[in-house]
Amino acid sequence: MAYGIWPKASFMRILAFETTCDETSVCLLDGDRLLSNVVFSQISLHRKYSGVVPELASRAHLENISRVLGAALSKAGYKRPFFRNGRLSGPKIDAVVFSRGPGLPGALLVSRVAAETAAGLLGAKLLGVDHLEGHFLACELSGRRVSRLIQFPCIGLIVSGGHTELWKAEGYGRYKTLGRTRDDAAGEAFDKVAKLLGLGYPGGPAVEKAALKAAPGGEGKKGFVLPRPYMEDSFDFSFSGLKTAVAYRLRDLLGPDFYQKRLRLSPAGQSGLCLAFEEAVADTLAHKTAKACAALGIERVVVGGGVSANLRLRRKLTELFPGPAGPRVSFAETRYCTDNAAMIALCGARRLERGVSKGPLDIAPDLAEASWS
Ligand code: KG4
Ligand code: ZN
């Protein structure tokens with residue numbers, strides 16, 4: 001993908017909060033420079049449940065948010081801020097941005113309250129933005145800089161733990177949802193399959209690691225061929241049947257009480273099933289993305305969200321557009337695929353530089369509409 005450069009006019013300093021699921025993150029963005037981006041993951045807290053427990057997640061965000069904010073400020077080089085005349089003196093911040101959803105209601109409230117408090121004390125603008133737009137914009141981050149502008153129009157593929165969506169993106173804030181999952185999100189399916197196979201949490205990296213151990217061309221051997229849920233009549237996705245298909249293969253191998261016996265599965269069986277599952281998910285996502293590109297005559301794709309860290313998916317999507325014209329599929333750097341505040345700050349920056357400084361401030365636990373211009 002061809003990239004532009006960050007508009008010179010952007011000199012805003014933005015403080016951003018992200019607590020939609022199981023990462024507590026705060027960042028400071030100064031124009032195109034990321035001064036800090038602290039991410040505190042709750043993985044160890046949720047691991048024993050093989051999934052995120054919402055109530056535990058909200059409490060942990062509440063316990064950690066001040067510490068993560070302090071770390072983000074000090075990493076950005078700011079000394080301890082202090083009060084004077086009821087105002088917080090310290091860094092000059094133009095806007096405080098928070099992720100208003102979609103996400104877990106209790107978890108969202110933590111960012112909302114923290115951001116409102118910070119904005120009030122700092123005398124800064126307060127902006128609520130969409131978490132999925134954050135995943136979409138994350139590919140503009142390169143190291144500690146915002147240096148790779150998205151070229152529009154493009155197809156956006158958002159693949160995270162809670163969402164799987166295909167967008168037509170015409171410009172910043174101008175997104176049309178073409179399709180979304182009707183049941184499990186891609187990341188959710190990875191997490192559930194990992195649980196079925198007795199692998200760790202989060203499931204995506206665990207399944208990817210196991211699949212790497214499968215013999216080359218392993219899919220097909222041992223009958224591990226899984227269906228491709230293409231649903232040709234729409235751009236929607238469905239991954240819950242794929243997860244069930246993995247359960248059926250497991251039952252064939254281990255018998256009806258397969259769940260109790262899952263840890264007895266041979267390493268070859270485990271890696272073979274992981275490879276077959278990963279192939280099926282990657283094929284499905286690439287197929288729908290290619291279909292959207294063809295239907296709309298668009299040859300640029302922007303991919304974001306935790307699942308976009310998956311190397312097999314990256315390869316399949318990159319292969320969509322072979323040829324000398326250069327890569328047309330853009331991914332967020334691995335560190336920016338999963339939840340982080342930097343992508344949220346970027347959402348705020350894009351709005352502010354277009355003169356949009358108002359918007360809903362209420363939290364939106366369910367699917368919010370990302371478009372804003
Ligand atoms: O975007 P994200 O941090 O959270 C949500 O907004 O939901 O995505 C987390 C999801 C988890 O389901 C995790 O298993 C998945 O992303 N994930 C991966 C990989 N890394 C994280 N899935 C497949 N392959 C990976 N390498
Ligand atoms: Zn996310």
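Author: Start with burial. A residue counts as buried under 20% relative accessible area, as exposed over 50%, and as partly exposed in between. Note that this is a predicted model.

Reader: Why is Tyr175 called buried?

Author: The cut-off for buried is under 20%. Tyr175 has 6% relative accessibility, so Tyr175 counts as buried.

Reader: How do you know whether Phe136 is buried or exposed?

Author: The same test applies. Phe136 has a relative accessibility of 0%, so Phe136 counts as buried.

Reader: What makes Phe136 and Tyr175 an edge-to-face pair?

Author: Two rings pair if their centres lie within 6.5 Å, and planes over 60 degrees apart count as edge-to-face. The centres of the Phe136 and Tyr175 rings are 5.3 Å apart, and their planes stand at 70 degrees, so the pair is edge-to-face.

Reader: What makes this pair a link between distant parts of the chain?

Author: Phe136 sits in helix α4, residues 131-137. Tyr175 sits in strand β12, residues 174-180.

Reader: Why is the pair of Phe152 and Tyr172 given its label?

Author: The ring centres of Phe152 and Tyr172 are 5.0 Å apart and the planes make 75 degrees, so this pair is edge-to-face. Phe152 is in the loop between β9 (145-146) and β10 (154-159). Tyr172 is in the loop between β11 (164-171) and β12, so the pair ties together parts that are 20 residues apart in sequence.

Reader: Which residues form the aromatic cluster?

Author: One cluster holds Phe136, Phe152, Trp167, Tyr172 and Tyr175. A search of the whole structure finds seven aromatic pairs.

Reader: Turn to the whole chain. How many helices and strands are there, and what makes the chain as compact as a globular protein of its length?

Author: The chain has 11 helices and 15 strands. Its radius of gyration is 21 Å, close to the 21 Å that the globule rule gives for 373 residues, so the chain is as compact as a globular protein of that length. The C-alpha trace spans about 70 × 45 × 30 Å along its principal axes. Of the 373 residues, 54% count as buried.

Reader: What makes helix α6 mostly covered?

Author: Helix α6 covers residues 203-212, and seven of its 10 residues are buried. Among them are Gly203, Val207 and Glu208. The cover on the buried residues includes α5 (186-196), α9 (267-296) and α10 (311-318).

Reader: Why is Leu157 called buried?

Author: Leu157 has a relative accessible area of 0%, so Leu157 is buried. Leu157 is in strand β10. Beyond four places in sequence, its contacts include Phe237, Leu285, Thr289 and Leu317. Leu157 and Thr289 are 132 residues apart along the chain, yet their C-alpha atoms are separated by 7.3 Å.

Reader: How do you know how to class Lys243?

Author: The limit is 20%. Lys243 has 19% relative accessibility, so Lys243 counts as buried. Lys243 is in helix α7, residues 240-254. Not counting residues up to four places away in sequence, Lys243 touches Asp184, Lys192, Val193 and Leu196.

Reader: Why are Ser50 and Met231 classed as they are?

Author: Ser50 has a relative accessible area of 27%, so Ser50 is partly exposed. Met231 has 24% relative accessibility, so Met231 also counts as partly exposed. Neither is a glycine, yet phi is positive in each: about 55 degrees for Ser50 and about 40 degrees for Met231. Ser50 is in the loop between α1 (43-46) and α2 (54-75). Met231 is in the loop between β13 (219-222) and α7.

Definitions and conventions
Residues are numbered from 1 along each chain as its sequence is written. Chains are lettered from A and ligands numbered from 1 in the order in which they are written. This is a predicted model: local features need pLDDT of at least 70, side-chain atom pairs count only at pLDDT 80 or more; totals for chains, interfaces and linings use all residues. Side-chain values use heavy atoms; hydrogens and water are left out. Helices (H or I, at least four residues) and strands (E, at least two) are DSSP runs, numbered from the N terminus. The radius of gyration is taken over C-alpha atoms; the globule rule is 2.2 Å times the number of residues to the power 0.38. Buried means under 20% relative accessible area, exposed over 50%, partly exposed in between (1.4 Å probe, protein chains only). Rings of Phe, Tyr and Trp (its six-membered ring) pair if their centres lie within 6.5 Å; planes under 30 degrees apart count as stacked, over 60 as edge-to-face and the rest as tilted. Contact means heavy atoms within 4.5 Å.
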